[in-house]
Amino acid sequence: MKNILIFGAGVLGSLYAARLKQSGQNVTLVARNTRLKDIDEKGVVLQHALTGKTEIVSVRVVEHLHDNDTYDLIVVLVRKNQLASVLPLLEAHNATRNILFMVNNPSGYVDWADAVGRVEWTLNLRQQFKLH
């Protein structure tokens, strides 16, 4: 079982948190405001788009990443305009080495990697597939 933190409790963050939890992983979801309260009280509510079937998945939810929290993986699923508030938290958090950004960013990821300060390997699709 992996210990996974997901930053971002929107549609995608909640979906990944629920599915990873259902697969047997230990998942913590970072949420704010009313979303934090809703997930804490009701769990993550998933509704299948075609059947309308509803699933409720209980996921641990927190408001903050604490310096002493240790995870095998941190997944960042926030909008690009929210990322500026997340990067300093990740930089200060040295207990977790593996960070996966799942954010669409056509300008690249070098600034994010520099902000976090501990990138050992980056997948560069442009270079790998010779895209220009």
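This is a tour of a predicted model, one selection at a time.

**Confidence**

Colour the chain by pLDDT. The mean is 85, and 83% of the residues reach 70 or more. Then select residues 128–132, where the pLDDT is below 50. Beyond near neighbours in sequence, that stretch has 5 contacts in the model.

**The five-stranded sheet**

Show the strands as a cartoon and find the open sheet of 5 strands, ordered β5-β2-β1-β6-β7 with parallel pairing. β5 (60–62) and β7 stand at its edges with a single partner strand each, so one side of each has no neighbour in the sheet. On average, neighbouring strands here are turned by 20° against each other, direction ignored.

Next, step through the pairs:

- Select β1 and β2: these parallel strands are joined by 5 bridges. F7 has V30 of β2 as its bridge partner.
- Select β1 and β6: they pair in the parallel sense over 4 bridges. The bridge partner of L5 in β6 is I74.
- Select β6 and β7: 3 bridges join these two, again running parallel. Here V76 stands opposite F101 in β7.

**The β3–β4 hairpin**

Move to β3 and β4 (residues 54–57), which pair in the antiparallel sense over 4 bridges. Between the strands of this hairpin are 6 residues, and G52 takes a positive phi near 80°. Q47 is opposite T54 in β4.

Which residues of β3 are on its covered face, and which on the uncovered one? Show the side chains: V44 and L46 are on the covered face, V45 and Q47 on the uncovered one. In a regular strand, side chains alternate between the two faces of the sheet.

Stay on L46, in strand β3. Its relative accessible area is 11%, which is under the 20% limit, so L46 counts as buried. Leaving aside neighbours within four places in sequence, L46 contacts L15, A18 and R19, as well as K53, T54, E55 and V57. L15 is 31 residues away along the chain, yet the C-alpha atoms of L46 and L15 are separated by 7.2 Å.

**The nonpolar cores**

Select I6, A17, L29, A31, I39, V44 and V59. Of the 17 residues in the largest nonpolar core, these touch the most other members. The elements giving two or more residues to this core are β1, α1 (11–22), β2 (26–30), α2 (33–42) and β3 (44–47). Centre on V59 to see its contacts: not counting residues up to four places away in sequence, V59 touches A17, A18, K21, V27, L29, I39 and V44.

A second, separate core has 16 residues, including V30, V62, V78 and L87. In soluble globular proteins, nonpolar side chains tend to be buried together.

Key. Residues numbered from 1 in each chain as written. Heavy atoms only, no water. Core = buried A, V, L, I, M, F, W, Y, C linked by side-chain atoms within 4.5 Å. Buried < 20%, exposed > 50% of the residue type's maximum accessible area, 1.4 Å probe, protein only. Contact = heavy atoms within 4.5 Å. pLDDT = per-residue confidence, 0-100. Pairing = 2+ DSSP bridges. Axes fitted to C-alpha atoms, helices over the stretch in contact; angles between N-to-C directions.
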